[in-house]
Amino acid sequence: MIKFFRKIRQEYLNKGKTHKYFQYAIGEILLVVIGILIALSINNWNESRLLRKAEMNFYRNTKQQLLDDANNIASELRFNTKYSEQFKYAIQLIQSKNKGEIDSLGKIVVNLIDYSDFDGQGNIYETMVNSGNIKLLKNEVIIEKLRRLEETYFYLNRMEAIHLDAVMLMIPDVIQTAQLSTGIVENVDDLYGFMFENRFVLAVKLTSEKDEVYNRIIEEIDAIVQLIDSELK
């Protein structure tokens with residue numbers, strides 16, 4: 001097409017028709033500009049399409065990781081709540097001096113050295129920033145919620161570390177008071193004393209706070225997954 005215009009332009013030049021010559025020269029320039037703009041537009045469209053595809057892949061992978069975390073958290077929550085209720089019951093038995101339930105109390109005291117421990121799939125927000133994937137995401141709300149979720153994960157990790165430290169301190173007294181394999185109480189007076197009551201009170205505080213964090217994480221994950229689903233539609 002450009003050669004065609006160039007041939008016509010040359011004919012007008014040879015015939016001295018400079019006005020027509022310049023018209024076709026401008027037409028030739030416009031064709032080149034239009035061609036460049038179309039090429040750039042196609043290139044930008046392809047780049048945007050590839051970036052959007054990468055963004056969707058990230059959302060799908062992140063959603064699956066979040067759902068896996070939510071399932072693990074739910075399991076830890078059930079475990080932690082069960083023990084928290086047991087410890088509350090133990091406090092009632094000790095305060096009432098109800099030694100008719102000593103077998104139940106013996107089994108519960110052994111559980112003082114057990115605790116829930118969430119093992120997350122990884123730090124999504126930190127990995128997203130370090131890898132540069134954060135540049136793919138257009139939804140600022142999802143980015144902010146992922147950042148807050150990571151902060152909640154860190155808080156839970158600190159709570160679990162504190163719980164572990166408490167467990168390590170309780171182990172010597174527990175193994176001197178009851179048999180770990182059967183829960184049979186060997187030192188009844190110590191078990192019904194205020195020291196063990198305090199240990200159960202501490203355990204209730206720790207497990208109750210962990211329950212709150214577990215529930216908060218599940219709520220935060222649910223909110224993020226809903227936003228991701230909206231992006232994937």
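This is a predicted model: local features need pLDDT of at least 70, side-chain atom pairs count only at pLDDT 80 or more; totals for chains, interfaces and linings use all residues.

Trainee: Why is S116 called buried?

Mentor: Buried means under 20% relative accessible area, while exposed means over 50% and partly exposed is in between (1.4 Å probe, protein chains only). S116 has 1%, so it counts as buried. S116 sits in the loop between α3 (102-110) and α4. Across the protein, buried residues make up 35% of the 233 residues.

Trainee: What makes S116 and K210 a polar contact?

Mentor: A polar contact is a pair of N or O atoms within 3.5 Å; within protein, one must be able to donate a hydrogen and the other to accept it, and residues adjacent in sequence count only if both atoms are side-chain atoms. The side chains of S116 and K210 are joined at 2.9 Å, so the pair qualifies. The two residues are 94 apart along the chain, with their C-alpha atoms separated by 8.8 Å. Another polar contact, of 2.8 Å, links the side chains of S116 and Y214.

Trainee: Which residues is S116 in contact with, leaving aside its neighbours within four places in sequence?

Mentor: Contact means heavy atoms within 4.5 Å. On that basis S116 is in contact with E76, F79, N80, E160, K210 and Y214.

Trainee: How do you know that N139 is buried?

Mentor: Its relative accessible area is 16%, which falls under the 20% limit, so N139 is buried. N139 is placed in the loop between α4 and α5. Not counting residues up to four places away in sequence, N139 touches E55, Y59 and E231. With E231 there is also a side-chain polar contact of 2.9 Å.

Trainee: What does N139 cap?

Mentor: The N-terminal end of α5: a side-chain oxygen of N139 lies 3.0 Å from the backbone nitrogen of V141.

Trainee: How does the reach of α5 compare with what is expected?

Mentor: The expected span of a helix is 1.5 Å times one less than its number of residues. α5 has 38 residues and reaches 55 Å from its first C-alpha to its last, close to the expected 56 Å.

Trainee: And where does α5 bend?

Mentor: The bend at a residue is the angle between axes fitted to the seven residues ending there and the seven starting there. For α5 that angle is about 40° at M170, and a proline, P172, follows within four residues.

Trainee: What makes a set of residues a nonpolar core?

Mentor: It must consist of buried Ala, Val, Leu, Ile, Met, Phe, Trp, Tyr and Cys residues joined through side-chain atoms within 4.5 Å. The largest such core here has 25 residues, and L66, I217 and I221 have the most contacts inside it. The elements giving it two or more residues are α2 (18-96), α4 (124-131), α5 (140-177) and α7 (194-232). A second, separate core of 24 residues includes L105, V110, A166 and A203.

How values were computed. Residues are numbered from 1 along each chain as its sequence is written. Side-chain values use heavy atoms; hydrogens and water are left out.
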